[in-house]
Amino acid sequence: MEKLATQSRIRRIRRIRRIRRILTRGFCQIRNPQSAIRNFVNPLLFWFFAAMMLAFGVSVVLNRNPVASALSLVVSFLCLAALYVGLDAYFIGAIQVIVYAGAVMVLFLFIIMLLDLGAEQRRKFNKVALVGGSAVALGFAAQLVGVLGKFPMGNKPFPELKLPPGESLNDLQHVGETLFSAHTLPFQVIGVLILVATIGVIVISKRELK
Amino acid sequence: MISLLASIPWEMLIWSLAKAVFVIFLVVLPLVSYTVYAERRVSAAIQDRVGPNRTGFPTSLLGFKKDLQLFLGGLGQPVADALKFILKEDFTPGGVKQFYFWLAPCLAMLPLVSLAFIPFGSSFLGEKMVIADVNVSVLGVFAVTGCGVYAIVLAGWASNSKYPFLGGIRSSSQMIAYELSMGLSIIPVLMLFGGMKLSDLVQYQADNGWLLLPLWGGGLSAERWLMLLPLAISFIVFTISVFAETNRLPFDMPESETELVAGYHTEYSSMKFALFFLGEYAAMIVGSSLIVVFFFGGWSLPFIPDGQGHAAAFFQNIFGDFYALLPDWLWGIANITVFFGKVALVLVFFIWVRWTLPRFRFDQLMKIGWLYLFEIALVNIFLTAAILAFTK
């Protein structure tokens, strides 16, 4: 009898440990020595924002109203930014909000509002496309699960990255230094590319060239 | 569980919460309502009127002969305004998109979020007076202001009516245009300082002279005095962009009364309208605090030490004994007061401009944004780079 009780206790402890492992997995920890809060709150926030991101990502597809879709995409982007912040990558998080939520999606929304909204909502479901599309998506998901399940790195926790004491992660400086020393040429090529794209847009949008 | 609770740094959490509550509820929201009051009084003074100067308790309603005058002048006016907004009928026109019609005024209060990144004091009882002290706080502020356009666009669209829609469209093109020059105009400051942490930027100005007033410490170098030219240009461009971003006259296209009734909030009434109103003034306060933090030394005043009782070396030598007389936390409070005092001065400047200048036409506004401010800000960056390369 006593043996059974011990066994069940051991089982329970194992279960708790497993749950804790699952909760903390999938989250690489760049630990700042000053903040003990990360151990506990970070995984919670990670799962919260990841779930929100996925939920709003699904709602982008499911909503018939284009404005609702666009706004769902904005929330999804904001949640992604929150995930970046959780990884101590403040710079990428801020850029994510500025570029996607602040600029790209505003233009999207702007154009959607100027177009006719009713057409998309009135359209009926095409049953053949619905069945075919979900079959393809399911097949792709099954493949993804199959490949990722065999991927050995997924079972190991990510090694903890520790900063030297008293130093904070200055991601801004790291990004800048890498961009302007190791990747100067690609950076400049991208600059030229964007310039060409800008000029192209102006040329196309001008009805008649003088 | 207990070890879990113990591992959470409660001190940090409580400090952050206390700072957020202090800034938003005790300082900025009252500041918003009294900015509205100041707007009325200043406009009255400029137009040679009296303005609201006698709000008291309406005891005459109860049968007394006179209203009870407890406040100096009309300082009770904001309270009466708030009561009016809450008690008015909340009318929702037919044919609006309900969900977005409600969502837009909520989003209008978004500018308050960017206050988290702004250092409003040096330190108080050893705690830094900034809510989120991250190393990219400049970008954080721009990220939040970039999302501010959603409230106006959604309000214009959800109202399902012509004038609000036109107002929304105008506002989004205006805000996108001026966001660019706003972001670019601040780059010379970041180049000189070499970082994006606002609290460090203010500390640097406290030690080495304000960016536009380099009179002590490291500010007395040739580099800083040469930099005055690009910094003055970036200050002017930034201030104009802030006017446009906050939809203030002379750039209040989204709600120009003579053309669009009231622009994007034509269909809103009661508290929903009040939220737009408050959001606009909150954005003004954020803009003024940015101007103060970037160019006028944030919480620093040359002869007042920071929250640890240290001033710039020059003043420390003269007044050092006097600084030690008073406790450090008192200096911390003095710094917070100085910061909000400076913000209030910039706000008065905002109001003054509104009642002095006429409105631009919309095409003129776009022309100023895209053809002048944007290019000036770009050239200014090259000028700064040249000066920095020359002096370093």
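How many residues of chain A are in contact with chain B? There are 19, and they meet 19 residues of chain B, contact being scored when C-beta atoms placed from the backbone lie within 7 Å. This is a predicted model, in which local features need pLDDT of at least 70 and side-chain atom pairs count only at pLDDT 80 or more, while totals for chains, interfaces and linings use all residues. Residues are numbered from 1 along each chain as its sequence is written, with chains lettered from A and ligands numbered from 1 in the order in which they are written.

On the chain A side, helices H2 (37–62) and H4 (90–114) each give two or more residues (helices are DSSP runs of H or I, at least four residues, numbered from the N terminus). H4(A) supplies the largest share, 13 residues. By class, this side has 16 nonpolar, 3 polar and no charged residues (Ala, Val, Leu, Ile, Met, Phe, Trp, Tyr, Cys and Pro are nonpolar; Asp, Glu, Lys and Arg are charged; the others, Gly among them, are polar).

Val136(B) is in contact with Tyr90(A), Phe91(A), Ala94(A), Leu172(A) and Met196(B), leaving aside neighbours within four places in sequence.

Within chain B, helix H7 (residues 162–185) packs against helix H10 (residues 222–245) at about 155°, with axes 9 Å apart (axes are lines fitted to C-alpha atoms over the stretch in contact, and angles run from 0 to 180 degrees between N-to-C directions). H7(B) is therefore roughly antiparallel to H10(B), a label for angles over 145 degrees. The contact of H7(B) with H10(B) has 7 nonpolar, 5 polar and 2 charged residues.

Technical notes: Parallel < 35°, antiparallel > 145°, perpendicular 65-115°, else oblique. Contact = placed C-beta atoms within 7 Å.
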